[in-house]
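Subject: Handing over the structure

Dear colleague,

I am passing on the structure that you will be working with, and below it you will find what was found in it. Please keep it open beside you as you read.

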Amino acid sequence: LRLGYQSENWGALADSLDAGMYIRDFETDIYNRNAKSPNVTALAHIKVYSPTIFGGHITAQKQLGDHSLSYGGDFFHEAFDGRTRQINRYNTNGDLIGRVDWHPMERDSEMLNIGTYISDDWFINEKWSLSGTLRGDFSKIDIGDALASETPTQRAAFEDNLSNNFFAVTGSLGGIYRLTPDLHLVGNLSRGFRAPSGMDMTITSVAGTVTTLPSPQLEEGTNITGELGLRWYGENTELNLTAYESRYKDLISLVQVSNNLYQRQNISEATIRGVEIDGRTRLTNNWSLKYALTSTRGTDDSTDTP
């Protein structure tokens, strides 16, 4: 559910203003059948009636000479109530021989994120355009109380990790150089940031004989991305060729801790690089064709593995 507001002519503050509030609620039912035992079949019903998210934003646009400014802020609050599960066990005749009533599978968690930003698109001349963005984000994550069903290993993972605060400054600097009216060279350098969510930190699972531990120790992940490309504008075709490389620190990924035991952890260093070609061709006045081809490769640099 979303409520939006738009307005024009805010004088010296803005030429236009856009604001909005929203709420999103997710409800998912999962049904699992486990027949690894020859004598017993277990049917599990899992309710994932979360997260519930509400948030909003305000964005102002202002033209100052050759500069197109945009500035504003946004926030969101995510409540993850944890999954609940109920299990029925049946023998080979289909008779109910055991039942586990509804119970929580992981702790509750809440996440609040507040961000502000300013960006500028600067048309210097017929050859050059530059763009820059600066943004600051604050995130706070709180993890709920212990569950009676937690194992000692799970409870130990949460020790001293029940509240986490993250702050990051990110941004980008890019440019366009028009080699000819039809052929443009583009480049961009940016810094990215991702705070782990409450769900990342608390969710745990058992699939067959594989157990995933909660990950309340997670830190934020950051990356530096460089892009370089060419854009060609023909009479009936637009074509883009772009190459990029992203270098990550503390990338969040699922890691094998020991035999049949996994946990989400921060990879110390990782690299993702790729190349993409995409375009659009107008076939007739009423029909156009869009296409894209991408090649991507990621490497965990801390272990030199894909």
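This is a predicted model: local features need pLDDT of at least 70, side-chain atom pairs count only at pLDDT 80 or more; totals for chains, interfaces and linings use all residues.

Residues are numbered from 1 along each chain as its sequence is written, and side-chain values use heavy atoms, with hydrogens and water left out.

The chain as a whole

The secondary structure of the chain comes to two helices and 18 strands; here helices (H or I, at least four residues) and strands (E, at least two) are DSSP runs, numbered from the N terminus. The C-alpha trace spans about 75 × 45 × 40 Å along its principal axes. The radius of gyration of the chain is 25 Å, whereas a compact globule of 306 residues would have one near 19 Å; this radius is taken over C-alpha atoms, and the globule rule is 2.2 Å times the number of residues to the power 0.38.

Of the 306 residues, 32% count as buried, where buried means under 20% relative accessible area, exposed means over 50%, and partly exposed lies in between (1.4 Å probe, protein chains only). If we take the contacts in the chain with a separation of 6 or more, residues 24 or more positions apart account for 60% of them, a contact being heavy atoms within 4.5 Å.

Two strands are said to pair if DSSP finds at least two bridges between them. Strand β3 (residues 28-34) runs antiparallel to strand β4 (residues 41-48), and seven bridges join them; within this pair, I30 stands opposite I46 in β4. The two strands form a hairpin, with six residues between β3 and β4.

On β4 there are also seven bridges to strand β7 (residues 84-90), again in the antiparallel sense, and T41 stands opposite Y90 in β7. Strand β7 is in turn joined by six bridges to strand β8 (residues 96-104), which runs antiparallel to it. A hairpin is formed by β7 and β8 with five residues between them, and in its turn G94 has a positive phi of about 85°.

The strands β12, β15 and β16

Strand β12 (residues 183-194) pairs with strand β15 (residues 221-233) in the antiparallel sense over 12 bridges, and H184 stands opposite R231 in β15. Strand β15 is also joined by 12 bridges to strand β16 (residues 237-258), and these two run antiparallel. The bridge partner of L228 in β16 is A243, and a hairpin of three residues leads from β15 to β16.

Two residues to look at

Is D145 buried or exposed? D145 counts as exposed because its relative accessibility is 69%, and this residue lies in the loop between β10 (128-143) and α1 (152-158). From D145 to L289 the distance is 54 Å, C-alpha to C-alpha, and the two are 144 residues apart in sequence.

N164, by contrast, is found in strand β11 (residues 163-178), and N164 counts as buried because its relative accessible area is 13%. Not counting residues up to four places away in sequence, N164 touches S139, K140, I141, M201 and P216.
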